[in-house]
Amino acid sequence: DKIDQPTQVKNPTQATHFIGFETKNIQGSLEWIKSQKVRIIEDLANHSWGMDFYFSDPDGNIIQIAQYI
């Protein structure tokens, strides 16, 4: 069986799927992720509902970290 490689997405909101986690300290989470040399796909963004950012794991899976207001 052939396993497809993940698609590289430029805009994570257009991805077919991603996993998300909630935090109470998004600034601290972003600083820690960046210190681990992880590829940030979309830096911290403000929204009416809170803030989020996206990064990818070594397999190319997209991960969202969000802080809700």
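A hairpin is formed by β2 and β3, with 2 residues between them. The model is predicted, so local features need pLDDT of at least 70 and side-chain atom pairs count only at pLDDT 80 or more, whereas totals for chains, interfaces and linings use all residues. Residues are numbered from 1 along each chain as its sequence is written, and side-chain values use heavy atoms, with hydrogens and water left out.

**Exercise 1.** State the order of the elements in the protein, from the N terminus on.

*Solution.* Step 1: the protein has 1 helix and 4 strands; helices (H or I, at least four residues) and strands (E, at least two) are DSSP runs, numbered from the N terminus. Step 2: from the N terminus on, these elements follow the pattern β-α-β-β-β.

**Exercise 2.** Describe the sheet by its strand order and pairing, and identify its edge strands.

*Solution.* Step 1: the 4 strands make an open sheet in the order β1-β4-β3-β2, with mixed pairing; two strands pair if DSSP finds at least two bridges between them. Step 2: β1 (19–22) and β2 (39–47) are the edge strands, each pairing on one side only. Step 3: from one strand to the next, the twist averages 20 degrees. Step 4: β2 and β3 run antiparallel and are joined by 6 bridges. In β3, Ser56 is the bridge partner of Arg39, and Tyr54 is that of Glu42.

**Exercise 3.** List the residues of the largest nonpolar core and name the element that gives the most to it.

*Solution.* Step 1: a nonpolar core is a set of buried Ala, Val, Leu, Ile, Met, Phe, Trp, Tyr and Cys residues joined through side-chain atoms within 4.5 Å. Buried means under 20% relative accessible area, exposed over 50%, and partly exposed in between (1.4 Å probe, protein chains only). Step 2: the largest such core has 7 residues, namely Ile26, Leu30, Ile33, Phe53, Phe55, Ile63 and Ile65. Step 3: two or more residues come from each of α1 (26–35), β3 (50–56) and β4 (62–68). The most come from α1, with 3 residues. Step 4: Ile33 is in contact with Val38, Ile40, Phe53 and Phe55, leaving aside its neighbours within four places in sequence.

**Exercise 4.** Classify two loop residues, Thr23 and Lys37, as buried or exposed.

*Solution.* Step 1: Thr23 lies in the loop between β1 and α1. Thr23 counts as buried because its relative accessibility is 15%. Step 2: the side chains of Thr23 and Ser29 make a polar contact (3.2 Å). A polar contact is a pair of N or O atoms within 3.5 Å; within protein, one must be able to donate a hydrogen and the other to accept it, and residues adjacent in sequence count only if both atoms are side-chain atoms. Step 3: Lys37 lies in the loop between α1 and β2. Lys37 counts as exposed because its relative accessibility is 73%. Step 4: phi of Lys37 is near 60 degrees, a positive value in a residue other than glycine.

Note on methods. Contact means heavy atoms within 4.5 Å. Axes are lines fitted to C-alpha atoms, for helices over the stretch in contact, and angles run from 0 to 180 degrees between N-to-C directions.
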